[in-house]
Amino acid sequence: MDAKRILDYLKQLMVNNNREWYWKHKAEYDAVRADFEAGIAQAIGRIAEFDPSIAHLTVKDCTYRFNRDTRFSPDKSPYKNHFGGYIAAHGKKALHGGYYLHLEPGHCMVACGNYWLPTNILTSCRNEMMGNTAEWLKCVESKEFKKYFGSPVASSFSAPTDVSSWDQPQGFGLEKLKKCPVGFPKDWPHVEYLRMKDYCCWHQVSEDFYEGEKWLDEIERMFKAAKPMMDFMNSVIDDYE
């Protein structure tokens, strides 16, 4: 994947985010889009080696429109300033968690897990982690998981200033309740996990991370570290889908 070419295009778009510039440079958009999609195809192939549940996916199943939905946003820029691919066995819109790759100038990252879970499912997930605490801690407090994603303990990192920006170098849980959720014990030793409103972990990477072929080896290590956590949550979530 030619990440430099993709990011150079996006940098230019960020200062020329209008339809006239976009159409004038449509050939370059088509080229970098094709290159990004080739990278997503490679990622699907690599992830399928350790998670066969996603092997049926196509690139189209995992990528998004480049046009922004501006109907309810004060920002009327017509195009996104990033390319993202969400490789999820049940599809992009399912609650079942998956693997995410993101290319954006100054903010490339790798992410994994479950996002925007409804309250009733969050309650079930919290009950599950309390009922199977040892298994849960094995997933999220392993050396490899913490290496890439850290922990949700308040002192370990600041909460993102903007959920949409994921602006911390790494993290686990984009949004958290200020207090323990109602109906759960405040004195539970691992209450920080009950306060989480999502079970998404992410790791920012450098702009040259996706260059060449080595990035495939690195995302495999990251996703393998995160997969036990995601599988734990998916085992609960799948009962609702």
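His 203 touches Met 109, Val 110, Tyr 148, Phe 149, Pro 169, Gln 170 and Met 222, leaving out residues up to four places away in sequence; contact here means heavy atoms within 4.5 Å. This is a predicted model, in which local features need pLDDT of at least 70 and side-chain atom pairs count only at pLDDT 80 or more, while totals for chains, interfaces and linings use all residues. Residues are numbered from 1 along each chain as its sequence is written, and side-chain values use heavy atoms, with hydrogens and water left out.

Where does His 203 sit? You will find His 203 in strand β5 (residues 199-205). Helices (H or I, at least four residues) and strands (E, at least two) are DSSP runs, numbered from the N terminus. With a relative accessible area of 18%, His 203 is buried, a label for anything under 20% relative accessible area, with exposed being over 50% and partly exposed in between (1.4 Å probe, protein chains only). Lys 147 is 56 residues away from His 203 along the chain, yet their C-alpha atoms are separated by 9.7 Å.

Five strands form an open sheet in the order β1-β2-β3-β5-β4, with antiparallel pairing; two strands pair if DSSP finds at least two bridges between them. The edge strands are β1 and β4 (170-172), each of which pairs on one side only. On average, neighbouring strands of this sheet are turned by 10° against each other, direction ignored.

Now for strand β2. Six of the six residues of β2 (residues 98-103) are buried, so β2 is largely enclosed by the rest of the structure. Strand β1 (residues 83-87) pairs with β2 in the antiparallel sense over five bridges. Along this pairing, Phe 83 stands opposite Leu 103 in β2, and Gly 84 has His 102 in β2 as its bridge partner. β2 also pairs with strand β3 (residues 108-114), again antiparallel and over five bridges; here Tyr 100 has Ala 111 in β3 as its bridge partner. β2 and β3 form a hairpin with four residues between them, and Gly 106 in the turn has a positive phi of about 75°.

Let's turn to the helices, starting with α3 (residues 26-48). At 1.5 Å a residue, its 23 residues should span 33 Å, and the end C-alpha atoms are 33 Å apart, which agrees; the expected span is 1.5 Å times one less than the number of residues. Among the buried residues of α3 are Tyr 29, Arg 33, Phe 36, Ile 40 and Ile 44. The cover over the buried residues of α3 includes α1 (3-14), α2 (19-24), α4 (59-62), β1, β2 and α9 (214-237).

How do α3 and α9 cross? Their axes come within 10 Å and cross at roughly 50°, where axes are lines fitted to C-alpha atoms, for helices over the stretch in contact, and angles run from 0 to 180 degrees between N-to-C directions. The two helices are therefore oblique to each other: angles under 35 degrees count as roughly parallel, over 145 as roughly antiparallel, 65 to 115 as roughly perpendicular and the rest as oblique. In this packing, Gly 39, Gln 42, Ala 43, Arg 46 and Ile 47 in α3 meet Trp 215, Leu 216, Asp 217, Ile 219, Glu 220 and Phe 223 in α9.

One last stop is Ser 124, in helix α5 (residues 119-131). Ser 124 counts as buried at 18% relative accessibility. Leaving aside neighbours within four places in sequence, Ser 124 is in contact with Val 236 and Tyr 240.
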